[in-house]
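The entries are in the order in which I made them.

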Amino acid sequence: MNTDKLQLLLVEDDLDLATAVIEYFELEDILCDHSANGLAGLHLIQQNHYDAVILDLNLPKMNGLQVCESLRMQGMDVPVLMLTAQDTLDDKLTGFAKGADDYLVKPFAMEELIVRTRVLARRRSGQVMRLSVGDLTLDLQQKQAYRANELVKLSPTAFKILDVLMRTSPNPVSREKLMQSVWGDDQPGSNSLKVHIFNLRKQLDAEHDVKLLHTISGHGFAIKDAELSS
């Protein structure tokens, strides 16, 4: 497979429309898998890397809203373009609330589908609702963290630090990038991050044999499950 090509997934039960879309993508040198129902589509997203997913709203077995919400709850950040015949504001707001990144109303021009898909594929979705590493879960909607299903009480700053580290896991985040992500241009003294990391490590790891918060010499900090990565 040519890794320079976009790899998309189309989840659409209208086979005539799906065939037309896939053939048009081929002309644009874009690779596109296809599923005709929501449940199978979700399984494909879980098993493969896609640059973007084009997801019909009305699907058999599992509708587009359910698919989108499920993958966001699992921490998957693949961008999702929702296809729908419903052009009301409430429908769109519902889709965005479930984790969609963009909407396209049927019937649509293939050229517009291509443009919107290419834009989405340049980034990962910011619509993730939950992040997980090992037995650590971060609920982004409730602003809460759990380790082995036990609530971990975090300050707002500690939550932001953990959010950044878990989105990058298992790769490390430099001290400079972490401070910029958490505090922006209004950064505290250089010792502040060290104190927050110290406290966060106690809150996350003190009562557990498997340590998740690691200092990576020369690189910064990382959240990773050593048992899974060893």
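The entries below go from the whole chain to single residues and pairs.

**Ground rules**

I am working on a predicted model, where local features need pLDDT of at least 70, side-chain atom pairs count only at pLDDT 80 or more, and totals for chains, interfaces and linings use all residues. Residues are numbered from 1 along each chain as its sequence is written, and side-chain values use heavy atoms, with hydrogens and water left out.

**Whole chain**

I looked up the secondary structure and found nine helices and 11 strands in the protein chain. Helices (H or I, at least four residues) and strands (E, at least two) are DSSP runs, numbered from the N terminus. Along the principal axes, the C-alpha atoms fill a box of roughly 60 × 40 × 35 Å.

I then took the surface. The accessible area of the chain is about 12200 Å², and 48% of that belongs to carbon and sulfur atoms. Areas come from the Shrake-Rupley method with a 1.4 Å probe, and for residues only the protein chains shown count as cover. Of the 230 residues, 43% count as buried. Buried means under 20% relative accessible area, exposed over 50%, and partly exposed in between (1.4 Å probe, protein chains only).

For contacts (heavy atoms within 4.5 Å), I checked sequence separation. Among contacts between residues at least 6 apart in sequence, 59% join residues at least 24 apart.

I listed the contacts of leucine 162, not counting residues up to four places away in sequence: Leu136, Leu138, Ala145, Leu154, Leu200, Leu204 and Ile223.

**Arginine 147**

Is arginine 147 buried or exposed? Arginine 147 is buried, at 3% relative accessible area. I placed this residue in strand S8 (residues 144–147). The side chain of arginine 147 reaches the backbone oxygen of leucine 204 at 2.8 Å. Beyond four places in sequence, arginine 147 touches Asp135, Leu136, Val152, Leu204, Asp205, His208, Val210 and Leu212.

**Surface patch**

I noted a nonpolar surface patch of Leu89, Leu93 and Phe96, with about 290 Å² of accessible area together. Patches are made of residues with over 30% relative accessible area and no salt bridge; like charges are joined within 9 Å, and nonpolar side chains (Val, Leu, Ile, Met, Phe, Trp, Tyr) within 5 Å. Leucine 93 sits in helix H4 (residues 89–98) and is partly exposed at 47%.

**Salt bridges**

How many salt bridges does the structure hold? I count 11, each being a side-chain nitrogen of Lys or Arg within 4 Å of a carboxyl oxygen of Asp or Glu.

Aspartate 29 and lysine 5 pair at 3.0 Å, N to O. Aspartate 29 lies in the loop between helix H1 (15–27) and strand S2 (31–35) and lysine 5 in the segment before strand S1 (7–11), so the bridge ties together parts 24 residues apart in sequence. Aspartate 29 is partly exposed at 44%, and lysine 5 is partly exposed at 25%.

Glutamate 69 and lysine 98 meet at 3.4 Å, N to O. Glutamate 69 is in helix H3 (residues 64–73) and lysine 98 in helix H4, so this pair joins parts 29 residues apart in sequence.

Arginine 116 and glutamate 112 meet at 2.8 Å, N to O. Both lie in helix H5 (residues 110–121), four residues apart, about one turn of the helix. I also logged a network of salt bridges linking Glu12, Asp56 and Lys106.

**Glutamate 28**

My last entry is glutamate 28, in the loop between H1 and S2 and partly exposed at 34%. Leaving aside neighbours within four places in sequence, glutamate 28 is in contact with Ile114 and Arg118.

Definitions and conventions. A polar contact is a pair of N or O atoms within 3.5 Å; within protein, one must be able to donate a hydrogen and the other to accept it, and residues adjacent in sequence count only if both atoms are side-chain atoms.
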